[in-house]
2 protein chains.
Amino acid sequence: MNDKSSNISKRRRTARAKDSADYVAKRAEVLGAAATLFKQQGFHSTRLVDVAREAGLDRATIYYYAGSKEELLQDIVGGVLDTAIAAAEELRANDALTGMQRLHQIFVILMTSYEENYPATFVYIQEQMHQVGVQETEWAQLIMKRTRLFDRMLIDFIKEGIEDGDLRSDIPPRLHENALFGMLNWTHRWFVPGGSLTGRQVAETFWSIYTGGALTDAGRANALPSPPVLSAVTG
Amino acid sequence: MNDKSSNISKRRRTARAKDSADYVAKRAEVLGAAATLFKQQGFHSTRLVDVAREAGLDRATIYYYAGSKEELLQDIVGGVLDTAIAAAEELRANDALTGMQRLHQIFVILMTSYEENYPATFVYIQEQMHQVGVQETEWAQLIMKRTRLFDRMLIDFIKEGIEDGDLRSDIPPRLHENALFGMLNWTHRWFVPGGSLTGRQVAETFWSIYTGGALTDAGRANALPSPPVLSAVTG
DNA sequence: GATCCAGTCAACGCCGACGTTGACGTTGAT
DNA sequence: ATCAACGTCAACGTCGGCGTTGACTGGATC
């Protein structure tokens, strides 16, 4: 008579400790299935039984690869922010770049990484990780802190662009940011990798709109009387 | 002995049938409380007990004003689309307007209505009503159909702008739309009525970026050579 | 061919949230 | 005073989904 209780938690821990290629690969598959569904239906609406079906497993088997539904989410979106912050820090440290160049770079890098890590980053955006709404967990707090850090770097790039005289100073940095990265982040609602456009093409197109506008020369002539929009009301 | 069972459903129906000013007002309060929380935490994460506390009521009392949690959501976002579609249809019917003017108008109207109906519209955006994710209910189908209708009208305005030679033809209409309305819709993450900027100011500023770009004249001159500096980071 | 282990599965306990119940004040009309 | 309607509330039934259990299978190792 053996009392070896199976205890899935312990078995998961030992399996993860072994770190075999097979286990890691299968785990990635499970995370991928979860990410797909989280993207499609949202985290809360997604049932673990659906994740299991998507991955071709039984629901209980999920727990052989992840301790909880939360863990799936955290592992999916975990590296997203770190990657972005690392890229921004590298740009900031490069003295040869202007603010505009840094802004352009991070913009393109973000979009291409959205594409590469699809759908992980879009899950991150969709689930509003930056909001308090998530939870009061330590993990959520960390995410929020890192998000604010990244945000501050973007604002700094923009301020640099304004101080250099490249970006319009009649628009507050925050509005510059929300316009530019609004276009970018909204891609989570419509962009699908493998479609007619690459992430890079989308990014460059949006960048050209942000910097130069969407009008033709003729259209610009038609629209000529364009007073500074904010000073009229704020001043 | 009377068998008058209280049956909250019937009592709600009779109360709603009477349509007294008090009832309507209180119901609006409940909807407002629900909208606030839906906006903050998302529909699924919001508990009816929280809605009740926000409205200063007992949870059961909610059912005197709404038959279900779903009904709260539907009534909150119900008019949003209809208003937008009506505005777009009016613009379309006005022969005196060019495509660019229609696009500009609907852009400003949408933003100001976001502000006026806050937070209802933002709930609509946040809950991704256009996605299949919601449900297979008849209501969801209708919402999706109406959304596609509105979307088609926006695309038509943009195509008109391109055909008139005002908007750049090297950018597909869909990208024009996603850039412009990406900026707009992303406001649901940061815009708060009563802040330093009105909805109209935000809309006009974004419009000026979309049409003319965010660069100064000097910045435009600097950007002309447009050195490809991406290799500094990626390579 | 016996033993062991990775991987899987049907089944259970549990909990939290929705929607309902039936009764309890309170108000205003008769 | 009586009655009806209004608005409210503590308490319950129910159900869906999470996380766990303990046993089963098929292949590898001795």
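Okay, let's start at helix α11 of chain A, residues 217-222, where Arg220(A) and Asp217(A) sit three residues apart, about one turn of the helix. Helices here are DSSP runs of H or I with at least four residues, numbered from the N terminus. The side chains of those two meet in a salt bridge, 3.4 Å from N to O. By salt bridge I mean a side-chain nitrogen of Lys or Arg within 4 Å of a carboxyl oxygen of Asp or Glu. Arg220(A) is partly exposed at 30% relative accessible area, and Asp217(A) is exposed at 63%. For those words, buried is under 20% relative accessible area, exposed is over 50%, and partly exposed is in between, with a 1.4 Å probe and protein chains only.

Quick housekeeping. This is a predicted model, so local features need pLDDT of at least 70 and side-chain atom pairs count only at pLDDT 80 or more, while totals for chains, interfaces and linings use all residues. Residues are numbered from 1 along each chain as its sequence is written, chains are lettered from A in the order in which they are written, and side-chain values use heavy atoms, with hydrogens and water left out.

Now, on to the helix packing. Helix α2 of chain A, residues 21-41, packs on helix α5 of chain A, residues 69-93, at about 95 degrees, with the axes 10 Å apart. The axes are lines fitted to C-alpha atoms over the stretch in contact, and angles run from 0 to 180 degrees between N-to-C directions. So α2(A) and α5(A) are roughly perpendicular, a label that covers 65 to 115 degrees. Contact means heavy atoms within 4.5 Å, and the residues making it include Val30(A), Leu31(A) and Phe38(A) from α2(A), and Leu72(A) and Ile76(A) from α5(A).

Which residue does Arg27(A) form a salt bridge with? That would be Asp75(A), with the closest N and O atoms 2.6 Å apart. The pair links distant parts of the chain, 48 residues apart, from helix α2 to helix α5. Arg27(A) counts as buried at 13% relative accessibility, whereas Asp75(A) is partly exposed at 36%.

Asp82(B) is in helix α5 and Arg146(B) in helix α8, 64 residues apart. Over all chains, the count is 20 salt bridges.

Conventions
Helices (H or I, at least four residues) and strands (E, at least two) are DSSP runs, numbered from the N terminus. Angles under 35 degrees count as roughly parallel, over 145 as roughly antiparallel, 65 to 115 as roughly perpendicular and the rest as oblique.
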